[in-house]
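User: Hey, can you walk me through this model? I'd like to know what packs where.
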Amino acid sequence: MAAIKTIVATGLSSGLGFEALKQLLAESQPYRFILGVRNTASTDEALKAVDFDRTANPVTLLPLDLTDVKGTKTFAQKVLQDLGTTGIDYLLLNAALIKNASEPTPYGGKWCESMVVNHVAQHYLIHLLREKLVASHSRIAIVSSGAIRNVPDASKIEETLKDKSSASHFDIYSASKFTQLLGAHWWRRELKGQCDVVAVSPGLIPNTGLGRYSNFKISEDMPDAKSVATGAKSIIEVLKRNDFPEDPDRIFLTSWGEWWSRDTIAMSCDKELQDKWSFSKEEIEKDAGIV
């Protein structure tokens, strides 16, 4: 039997992420999962209906509400405690939210809820796990979106993503996923030679809970629409692909299995933008009130 690989992940408790989890559990390769989930009881109940070898593939569920940056720190501490001397083969960041900013962010801070979930908290999680990730030579896989192409002007991002902004849910989603991609580029530079950092778009996936807080609906006749099973395969593929382009900025895998051209993601390759939106651990903790 192959050596067990360890996956620490967000966003695998339902929808597209849960399908990716089921597909991984069906592989002959054994995995150890440490999953951050909002509701451990409901996720545990869902897992009971999945047929897999629980001895070969241990699954640990830890509470994680990504709207609460302080809770993200608690999650990271529990992950490291649970791992002990074991390394992390893959850090998979799949959690995402589409929601407008008409209501204040539940736990306070400068940014709207979707920005906190889609970028700030998960970027912070990489900071918190950095030492372990580097020691493990981990792959950091960030599930992004083709919506990043809908950001026409980077100078307007900050106003769009502020708490209680008047921006639409889709503008907020596009901008927050764009900042997330900027963070992926920044981590790729920061961890060069230490970790592989890759991003992937699973395509437009109907019948998931992504738009549960908005009127955003995906129909099967939309361009780039994919089934849940196909979208999950794209997520799994980005964990395993090693055919990286020579251009180090081409880190973004499409839902049809090609690395996105530099022209398509050109704005995200701007290093000044990457530096601006890749907040330091200290900046994030200051905004969240973490001592």
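User: What should I know about the numbering and the values before we start?
Analyst: This is a predicted model, so to speak from its record: local features need pLDDT of at least 70, side-chain atom pairs count only at pLDDT 80 or more, and totals for chains, interfaces and linings use all residues. Residues are numbered from 1 along each chain as its sequence is written, and side-chain values use heavy atoms, with hydrogens and water left out.

User: OK, how many residues are in the largest nonpolar core?
Analyst: There are 60 residues in it, and Leu91 and Ile140 have the most contacts inside it. A nonpolar core here is a set of buried Ala, Val, Leu, Ile, Met, Phe, Trp, Tyr and Cys residues joined through side-chain atoms within 4.5 Å. Buried means under 20% relative accessible area, exposed means over 50%, and partly exposed is in between (1.4 Å probe, protein chains only).

User: Which helix gives the most to this core?
Analyst: Helix α4, residues 113-136, with eleven residues. Helices (H or I, at least four residues) and strands (E, at least two) are DSSP runs, numbered from the N terminus.

User: And what is Ile140 in contact with?
Analyst: Leaving aside neighbours within four places in sequence, Ile140 is in contact with Leu91, Ile126, Leu133, Leu191, Cys195, Asp196, Val197 and Val198. Contact means heavy atoms within 4.5 Å.
Analyst: There's also a second, separate core of 30 residues, which includes Ala9, Ile236, Leu253 and Trp259.

User: Switching to aromatics. How many aromatic pairs are there?
Analyst: Eight. Rings of Phe, Tyr and Trp (its six-membered ring) pair if their centres lie within 6.5 Å; planes under 30 degrees apart count as stacked, over 60 as edge-to-face and the rest as tilted. One of the pairs is Phe244 with Trp259, edge-to-face at 5.7 Å centre to centre and 65° between the planes.

User: Where do Phe244 and Trp259 lie?
Analyst: Phe244 lies in the loop between α7 (228-240) and β7 (252-253), and Trp259 in the loop between β7 and α8 (271-277), so the pair ties together parts that are 15 residues apart in sequence. Phe244 is partly exposed at 33% relative accessibility, while Trp259 is buried at 9%.
Analyst: Trp256 and Trp260 also form an edge-to-face pair, 5.7 Å centre to centre with 75° between the planes. Trp256 is partly exposed at 44%, and Trp260 is buried at 6%.

User: Which residues touch Thr254?
Analyst: Ser201 and Trp260, not counting residues up to four places away in sequence. Thr254 sits in the loop between β7 and α8 and is buried at 2% relative accessibility.

User: New topic: why is helix α1 called largely enclosed by the rest of the structure?
Analyst: Because nine of the eleven residues of α1 (residues 15-25) are buried. Among them are Phe18, Glu19 and Gln23. The buried residues pack against β1 (5-10), β2 (31-37), α2 (40-48), β3 (59-63) and α7.

User: Last one. What's up with phi at His137?
Analyst: Phi of His137 is near 50°, a positive value in a residue other than glycine. Most residues other than glycine have a negative phi. His137 is in the loop between α4 and β5 (139-143), and it's exposed at 58%.
Analyst: Lys164 has a positive phi too, about 60°. Lys164 is in the loop between α5 (157-161) and α6 (169-190) and is exposed at 55%.
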